[in-house]
Amino acid sequence: SYLVGIAAGMQTESQTVGFLGGQEGTGLIEKFQAGYEAGVQSVCPDCEILVEYIGDSTQAFVDPTRGEALSASMYDGGADVIYHAAGQSGLGLFAAADDADMWAIGVDSDQYEVLADNPEQQEHILTSMLKRVDTAVYEAISQAADGSFQPGFQVFGLAEEGVDYADSNPELSDEIKAEMDAAKEAIIAGEITVPEEPQG
């Protein structure tokens with residue numbers, strides 16, 4: 001989320017960006033928000049960050065209609081890039097981005113590729129925050145095969161290639177990718193600590 005925040009902060013022309021969250025109040029989606037905000041502010045300290053959450057139950061992740069309405073409101077409020085961590089509700093963001101001719105940032109998978117059959121919406125997806133489930137599954141299988149698997153929690157961060165960003169959209173500039181890659185290395189090296197709670 002920090003890395004895609006950098007993309008938003010460098011891509012914005014209005015100095016206003018947005019965050020669309022799904023379920024509020026569990027602390028989970030707030031981590032996405034916190035990382036994103038920190039990434040935006042690292043490259044655009046004067047940027048305003050608009051924040052909307054869809055609801056306080058799990059239904060918040062399956063309400064694209066509300067996702068579209070809240071996203072449209074943020075675009076109307078001056079945002080020109082919005083990142084979502086809202087599950088299927090984020091599909092509403094992509095519709096709003098298409099209507100407003102603004103940028104959106106996806107989550108979990110490469111949503112530029114996911115929307116390959118919808119080129120009108122696809123072209124508005126600047127990048128996506130990736131959860132590399134394939135990495136986690138491969139590592140678990142490999143450990144089981146060689147007998148080193150240990151029950152319990154394992155964390156797959158940037159260093160373990162468990163999270164990353166998508167660069168499928170050719171509109172994501174080399175300058176932005178270079179800044180994101182530098183931040184990635186700094187996070188892995190411990191030079192940048194990404195906050196887990198929103199600062200606002």
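# Close-up views of a predicted model

**View 1. Aspartate 110 and its contacts.** Leaving aside residues up to four places away in sequence, aspartate 110 touches Ser128, Leu130, Ala166 and Ser168. This model is predicted. Aspartate 110 sits in the loop between strand E4 (103–108) and helix H5 (111–114). Is aspartate 110 buried or exposed? Its relative accessible area is 17%. Buried means under 20%, so aspartate 110 counts as buried. The side chain of aspartate 110 also places a polar atom 3.2 Å from the backbone nitrogen of tyrosine 112.

View 2. Alanine 79 lies in the loop between helix H3 (64–76) and strand E3 (81–85). With a relative accessibility of 1%, alanine 79 is buried. Which residues does alanine 79 touch, not counting those up to four places away in sequence? They are Ser14, Thr16, Val17, Gly18, Leu50, Met74 and Met102. Glutamate 48 is 31 residues from alanine 79 in sequence. In space, the C-alpha atoms of alanine 79 and glutamate 48 are 8.5 Å apart.

**View 3. The disulfide between cysteine 44 and cysteine 47.** How many disulfides does a search of the whole structure find? The search finds 1. The bond joins cysteine 44 to cysteine 47, with an S to S distance of 2.0 Å. The torsion about this S-S bond is about 85 degrees, so the disulfide is right-handed. Cysteine 44 and cysteine 47 are both buried.

**View 4. Strands E5 and E6.** Strands of a sheet pair through backbone hydrogen bonds, in either a parallel or an antiparallel sense. Strand E5 covers residues 125–131. E5 and E6 pair in the antiparallel sense, over 3 bridges. Within this pairing, lysine 131 stands opposite valine 163 in E6.

**View 5. Helix H1.** Helix H1 spans residues 2–11. The helix is mostly covered, with 9 of its 10 residues buried. Which residues of H1 are buried? They are Tyr2, Leu3, Val4, Gly5, Ile6, Ala7, Ala8, Gly9 and Gln11.

**View 6. The whole chain, for orientation.** The protein has 8 helices and 6 strands. From the N terminus on, the elements run α-β-α-β-α-β-α-β-α-α-β-α-β-α. The radius of gyration is 17 Å, close to the 16 Å that the globule rule gives for 200 residues, so the protein is as compact as a globular protein of that length. Along its principal axes, the C-alpha trace spans about 55 × 35 × 35 Å. Of the 200 residues, 46% are buried. Among contacts between residues at least 6 apart in sequence, 65% join residues at least 24 apart.

Terms used. Residues numbered from 1 in each chain as written. Predicted model: local features only at pLDDT ≥ 70, side-chain atom pairs only at ≥ 80, totals over all residues. Heavy atoms only, no water. Pairing = 2+ DSSP bridges. Helix = DSSP H or I, 4+ residues; strand = E, 2+ residues; numbered from the N terminus. Disulfide = S-S within 2.5 Å. Buried < 20%, exposed > 50% of the residue type's maximum accessible area, 1.4 Å probe, protein only. Polar contact = N/O pair within 3.5 Å; in protein donor to acceptor, adjacent residues only side chain to side chain. Contact = heavy atoms within 4.5 Å. Rg over C-alpha atoms; globule rule 2.2 N^0.38 Å.
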